[in-house]
Amino acid sequence: MSKRQKKIITLAAAFALMFGIVPNVSAMHIMEGYLPGAFCIAWGVLCVPFLIAGFMSIKKTISQNRKLITLLAMSGAFIFVISSLKIPSVTGSCSHMTGTGLGAILFGPASVSILGIIVLLFQAILLAHGGLTTLGANVFSMAIAGPFVSYGIYFVCKKTGVNKRVSVFLAATIGDLFTYCVTAVQMAIAHHADTTIFGAMGKFLAVFAPTQVPLAIIEGIITVVIVMGLESYAKPELRAVGFLKEAK
Amino acid sequence: MKKTVIALIIAVLLIAFIPLFALKDAEFGGSDDAGSVVVEEVDSSYEPWATPVFERILGGELPGEVESLLFCIQTGIGVGIIAFVMGRFVERKKWMKEDTNDNH
């Protein structure tokens, strides 16, 4: 293990512990019935273009190289696994990760919106987690906003020549965190009758963000591990999606 | 490489389980209800107008054990796919000549 990698791990651990130990409760997706009808429709409509773009993007990827379907399935499965694991956090409550960073880095953010909606539908219908009425809002935060931020960060890191693993870590971590920030904002826009919109936003952020920080770091690390695994075993696929550049 | 992976996995486990031991009297639950608590705080007049489909069919809350079963199914499906694909990749690498050719 090189010095730099050691430094990254220490930094991540310190970062996770820094966010004090304050018993609190938190939430993940927006619960069924917790957004007024108009908001449900608005968020849903907002998602449609992204979903269409995602569908086309996946179709294009598959038609260009059928073998990529394995990697795509894996990105989807990764979201499935990661978002089903509820992990205790420093705030004394559990939350789960999004897992969308991997797909966003490999296939671009639009494709992830399709993968994400599958997971969210599964959870909304079978697990009473999230909801059908709030599906649009949840898709927007988890499967669109998060992945786009992940992709953006990865892109910037790549352009500025940051170490690949560091950029994967940053992309997955910040994308995960951003998902929950978006959720907080969505909740605040809909619910601020008793305070101002920003007061409500602060409250929701205070509930979502601290719980999510360590989990976001975990997600970052797991994504790096998966990418390392893929780098050693799935070189042709990674090259085909443009993750690995050097055509050896 | 192998060492890095192991170190990373240990880091993940530490971050995940330290809170469990550090906060002995915390509840670690009610994650879904928590958001509703805040809604109560900032918008007390709001009434949720829909309930989850599954709960409506059952006419009540999903039992905790059943919920964990369903979560396990979700994890199982995901892990199954990842393991299958990864297994294929690993096997394939054995047959490929040092990743020089991109043959399909």
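Mentor: Helix 4 of chain A and helix 7 of chain A lie oblique to each other, a class left over once angles under 35 degrees are called roughly parallel, over 145 roughly antiparallel and 65 to 115 roughly perpendicular. Their packing angle is about 125°, and the axes are 8 Å apart. Axes here are lines fitted to C-alpha atoms over the stretch in contact, with angles from 0 to 180 degrees between N-to-C directions. The crossing of helix 4 of chain A and helix 7 of chain A is right-handed: the near helix is turned clockwise from the far one by less than a right angle.

Now the residues. Helix 4 of chain A brings Thr100(A), Gly101(A), Leu102(A), Ala104(A) and Ile105(A) against Val168(A), Ala171(A), Ala172(A), Gly175(A) and Asp176(A) of helix 7 of chain A. Contact means C-beta atoms, placed from the backbone, within 7 Å. By class, this contact has 6 nonpolar, 3 polar and 1 charged residues. Ala, Val, Leu, Ile, Met, Phe, Trp, Tyr, Cys and Pro count as nonpolar, Asp, Glu, Lys and Arg as charged, and the others, Gly among them, as polar.

How far to trust it? The model is predicted; local features need pLDDT of at least 70, side-chain atom pairs 80 or more, while totals for chains, interfaces and linings use all residues. Residues are numbered from 1 along each chain as written, with chains lettered from A and ligands numbered from 1 in written order. Confidence (pLDDT, per residue, from 0 to 100) is highest in helix 4 of chain A, at a mean of 91, and lowest in helix 1 of chain A, at 61. Helices are DSSP runs of H or I, at least four residues, numbered from the N terminus.

Methods
pLDDT is the predictor's confidence in each residue, from 0 to 100. Helices (H or I, at least four residues) and strands (E, at least two) are DSSP runs, numbered from the N terminus. Two residues are in contact if their C-beta atoms, placed from the backbone, lie within 7 Å.
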